[in-house]
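Me: I would like to learn how to read a structure of this kind, feature by feature, with the general idea before each case. Could we go through it slowly?

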Amino acid sequence: MSDILEGLNDRQFEAASHVNGPLLIIAGAGSGKTNVVTRRIAYLIKEKGVDPYNIMAITFTNKAAGEMRERVDRYVGMGSEGVWVATFHSSCVRILRRHIDQIGYDNHFTIYDTDDSKSVMKAVMKKLQIDPKQIKEATILREISNAKNELLGPDDYEEQHRMDFGKRQIVRAYLEYQDTLRKSNALDFDDLIRMTVYLFKACPEVLENYRDRFEYICVDEYQDTNTAQFELVKLLAGTRKNICVVGDDDQSIYKFRGANIMNILNFENVFKGAKVVKLEQNYRSTQNILNAANAVIAHNRGRKTKRLWTERESDIPVYFNHYDSSREEADSVALDIARLHAKGHAEYNDCAILYRTNAQSREFEESFVRENIPYYIVGGINFYARKEIKDILAYLKTVDNASDDLAVRRIINVPKRSIGATTVQKVSEYAEMRMISFFEACKRAKEIEGLGKTAAKLVTFAQMIEGYREDVKTLGISAMAIKLLDETGYVDEIKDADEDDAQERIENIEELMNRITAYEEQEPEGTLSGFLEEVALVSDVDNADQRIPRVYMMTVHSAKGLEFGRVYLCGMEEGVFPSNMSINSGHPEDIEEERRLAYVAITRAKDVLKISAARSRRSWGETQYNAVSRFIKEIPEEYLSGDLKRIARESFEYEERPAGRKSFNEEVPFGRGDDDGFFGNFVKARKEKKEAPKEIPVLTKGAELVAGSPDYVVGDRVEHVKYGCGTVTEMEKGPKDYKVTVMFDEAGQKIMYAAFAKLKKL
DNA sequence: TAGTTGGGTTTTTTT
DNA sequence: AACCCAACTA
């Protein structure tokens, strides 16, 4: 027997050693599925002589893809890079970049994110005079997204709803929306999948090409696939049907995004004769945690019955605390972590705060700032969704693809160039009439009537952009971007505006510059399109480096696929988790999805799980009083410590020990006194702390950039506002600025521009 | 054209 | 409470 599969348990071995024909792996949380999948790939290559080039592994997140890549490289060694490991979306982009011209698009297409789609829809509704009060743009976009996930293009959708007058407006909006995208040479997220399927169906020779290549296909998180993705996989699998899917029906939590749980439940019917393997041994959590998880998920119907078990016994119970307010909940969690950390019982990056909605992060953030605990919020406002980042990206997009009207219009007057709405309107009309892009119309502004002096400004703008298009070719992306930031005066404008978040916004721009240089470093052949593509497809979770010592806060959705030593599952209340929407929808299956979500949350914890709820919670202006979540009541009391009737103070009477022994702790740091005076005092005492006055970094203005060379050299120790201390390992003089590489003690290696980094010599 | 103000809306989750 | 947009004013 081969040593590639050594150390696997029986079930894992059975799955990993399967070679031909369809295979369904039902992999419970923490059952080592990535291990099984990657070992199987290694086994196919090394033992069965399969060429790495003939294997494809598809995931949902870049993070999962990255992990898989790493392990495949490790097990396979030489030649492993031939294996196609990518997310659904990036796989499709790769394919479309090569062949999309065959279905009438330009290969230089832009990818629109959710925000972009929203802007387009707004404009569409205005044009079609659809009243946003009658149908919300979000409703239309959701409907369009659903249609696309079901592979219905605008024409198919129109056909299907020909007689449906209630949907008349949506049909019109969809047609116009798609038309706008096409003119801008843009695809939205859903289009990436849909167009690839369309391409395969329209051009059999292209499909044939990929079918020949991908002899073995493996799909991760299969329970999250939607109809379009399923179709894509089916097309690629062809008649060979060497398809291996891995998933867990109990962790299907993306129905709202079109995921079709039937894809996994029906797999055996669609792929007759499929081998099915269940992985039920969990290598992550303690038995107590699994007991709670099993108890909750057992309340769902329509699942493939499965029961997780482990060899990890532990004395640490699952905690439940019922606080008086969400404020108290946040403070207590922060205090708990602060105390454990002070005693050396917990590392910050071992801890995660999980909640149902992003809005809940706020209170935790406040408490953590007060306690001086480093934290990181995953998701929420995506880094790339911030205004200043979107602005600069719009510049880059304009440089990359001038037909992207959305991007051009976003920046035409940012920073202020005295080009107002009236002018934009006139240019749009002109462009529309001549069937040219907005940018093209700007170039010809002199021909447009009634613009007066603004015409010259438009021409200058267009020339400036075209200048940068040349600059990318000669200088590269980052140097062009630096030049752009400098010449447009974008950063200056932020500084001059003197808003109190100026510092933060400049730091964000700095971070964007870091990411550009990082991209250039990683992909020496990289292009501007390539960078923008990565930006569009990389999410926040992908970037969250769990090795950095800080507490991680995120929604349960974002936490899927991750694990933490200590998990604080917060806001377990009726109306929050399960959400009001799911309770009131009238569809019992919506509650089941919430329950799966709760199951995902619980199974993130390795050693300690602390669940909490609050009696009162402020949410949009009003105080709400919620009952304890039904999911908590589904956990038998013997699995919980601190029952529903007891109160906050008891959470701190136990201090868990690494060995797992329970012991009483006399000091009650946070007990409720005889009455409720303590809470107000507590908050007041902490509020005193003052923040250091904000300092705005000195940067840009070409002169300063070139003149001031840094006061440090290679080998020096330096300090960075965000990354802490590190050693300079490399310095390279660029056209405008020094490019500095620093190895930070905690944050790892970063490449940055001296003017932005503001490094302090130590 | 740009800045201000008031009113209405918002929260489920995301590649 | 916070954000976004439209309408109004300078």
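Me: How many helices and strands are there in chain A?

Reply: Helices (H or I, at least four residues) and strands (E, at least two) are DSSP runs, numbered from the N terminus, and by that reading chain A holds 33 helices and 21 strands. This is a predicted model, in which local features need pLDDT of at least 70 and side-chain atom pairs count only at pLDDT 80 or more, while totals for chains, interfaces and linings use all residues; side-chain values use heavy atoms, with hydrogens and water left out. Residues are numbered from 1 along each chain as its sequence is written, and chains are lettered from A and ligands numbered from 1 in the order in which they are written.

Me: What share of the residues of chain A count as buried?

Reply: Buried means under 20% relative accessible area, exposed means over 50%, and partly exposed lies in between, with a 1.4 Å probe and protein chains only. Of the 762 residues of chain A, 58% count as buried. Contact means heavy atoms within 4.5 Å, and among contacts in chain A between residues at least 6 apart in sequence, 73% join residues at least 24 apart.

Me: Where is Y105 placed, and is Y105 buried or exposed?

Reply: Y105 sits in the loop between α4 (88-99) and β4 (110-112), and Y105 counts as buried because its relative accessibility is 6%. Apart from neighbours within four places in sequence, Y105 touches I100, Q178, R182, N185, A186, L187 and M195.

Me: Which residues are in contact with G571, another loop residue?

Reply: G571 lies in the loop between β13 (564-569) and α28 (580-584), and at 0% relative accessibility G571 counts as buried. Beyond the neighbours within four places in sequence, the contacts of G571 are with E329, Q360, V576, F577, S612 and R617. For a pair that is separated in space, take G571 and T110, which are 461 residues apart in sequence and 39 Å apart from C-alpha to C-alpha.

Me: How should I read a polar contact, and which side chain does Y75 join in this way?

Reply: A polar contact is a pair of N or O atoms within 3.5 Å; within protein, one must be able to donate a hydrogen and the other to accept it, and residues adjacent in sequence count only if both atoms are side-chain atoms. Y75, in helix α3 (residues 62-76), has its side chain joined to that of N35 by a polar contact of 3.0 Å. Y75 counts as partly exposed because its relative accessibility is 23%, and outside four places in sequence Y75 is in contact with N35, T38, R39, A42 and K46.

Reply: A second case is S428 in helix α19, which is buried with a relative accessible area of 14%. The side chain of S428 makes a polar contact of 3.1 Å with the side chain of R409, and, neighbours within four places aside, S428 is in contact with R409 and F438.

Me: What is the crossing angle of α17 and α21?

Reply: Two packed helices are described by the angle between their axes and the distance between the axes. Axes are lines fitted to C-alpha atoms, for helices over the stretch in contact, and angles run from 0 to 180 degrees between N-to-C directions. The axes of helix α17 (residues 387-400) and helix α21 (residues 454-475) come within 9 Å and cross at roughly 80 degrees. Angles under 35 degrees count as roughly parallel, over 145 as roughly antiparallel, 65 to 115 as roughly perpendicular and the rest as oblique, and α17 and α21 are therefore roughly perpendicular to each other. Y395, T398 and V399 in α17 meet M464, I465, Y468, R469 and V472 in α21.

Me: Which residues are closest to DNA strand B?

Reply: A residue is near a molecule or strand if one of its heavy atoms lies within 4 Å of it. DNA strand B is surrounded by 25 residues, the closest being F60, R356, T422, T423 and M581. A polar side-chain atom of T423 lies 2.9 Å from a phosphate oxygen of DNA strand B, whereas one of H89 lies 3.3 Å from a base oxygen.
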